[in-house]
Amino acid sequence: NQSNAVISNNTIYYPDSFYESYAIRVYDAVIENNSIIMENGDGETRGIYGSGEIINNSIDISGHQGWDGSAAIWIEGNDGSSIATGNDITYNNDSYGIYVMGEAEVEVSNNTLTGSSSNWAVYLDQANVNFHDNIITASDRGIYVTNTSAIITGNLIETSGRGVEFQSQSG
């Protein structure tokens, strides 16, 4: 179910983002070269929410994010494949940098994530992920993997807490 949407070269600014605020929400689309700033969020604030080709975007999720459902990029499965590459991500407070969940086939590469958050820079949940050549500078937590088939190679992870944590894995 390709949406055929191309979302490109936009500047999106949310000075006050409330519960369920999404700068871009679309599935199976090309999302490239956008600049997104979301401030003062309050739960489930997401810069890009959906799936497709997420390429060369600049996303800054700052301010109080409230609940755990906030992220700069949130990729949700639907049995499709997605890529997230070349993105520059800043995340703060309770938000994640990149969150991947649900039956997704995802390649995450060449992204830069910088954050000061009580949550993980990257959270991989019930997906198939090839995660490589990313740079993560996190105040506390790097990559969390649960119920996920993950290949994690060639990343630079700087954190004062956990670099990579695996839960509910087998094999």
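Colleague: What should I keep in mind before reading anything?

Modeller: The model is predicted, so local features need pLDDT of at least 70 and side-chain atom pairs count only at pLDDT 80 or more, while totals for chains, interfaces and linings use all residues. Residues are numbered from 1 along each chain as its sequence is written, and side-chain values use heavy atoms, with hydrogens and water left out.

Colleague: Which residues touch the most other members of the largest nonpolar core?

Modeller: In soluble globular proteins, nonpolar side chains tend to be buried together. A nonpolar core is a set of buried Ala, Val, Leu, Ile, Met, Phe, Trp, Tyr and Cys residues joined through side-chain atoms within 4.5 Å; buried means under 20% relative accessible area, with a 1.4 Å probe and protein chains only. Here the largest core has 34 residues, and Val100 and Val122 touch the most other members. Strand β3 (residues 21–32) gives the most to this core, with 5 residues.

Colleague: How many bridges pair β3 with β5?

Modeller: Strands are DSSP runs (E, at least two residues), numbered from the N terminus, and two of them pair if DSSP finds at least two bridges between them. β3 and β5 pair in the parallel sense over 9 bridges, with Arg46 in β5 as the bridge partner of Tyr22. Strand β5 (residues 45–55) has 10 of its 11 residues buried.

Notes:
Buried means under 20% relative accessible area, exposed over 50%, partly exposed in between (1.4 Å probe, protein chains only). Helices (H or I, at least four residues) and strands (E, at least two) are DSSP runs, numbered from the N terminus.
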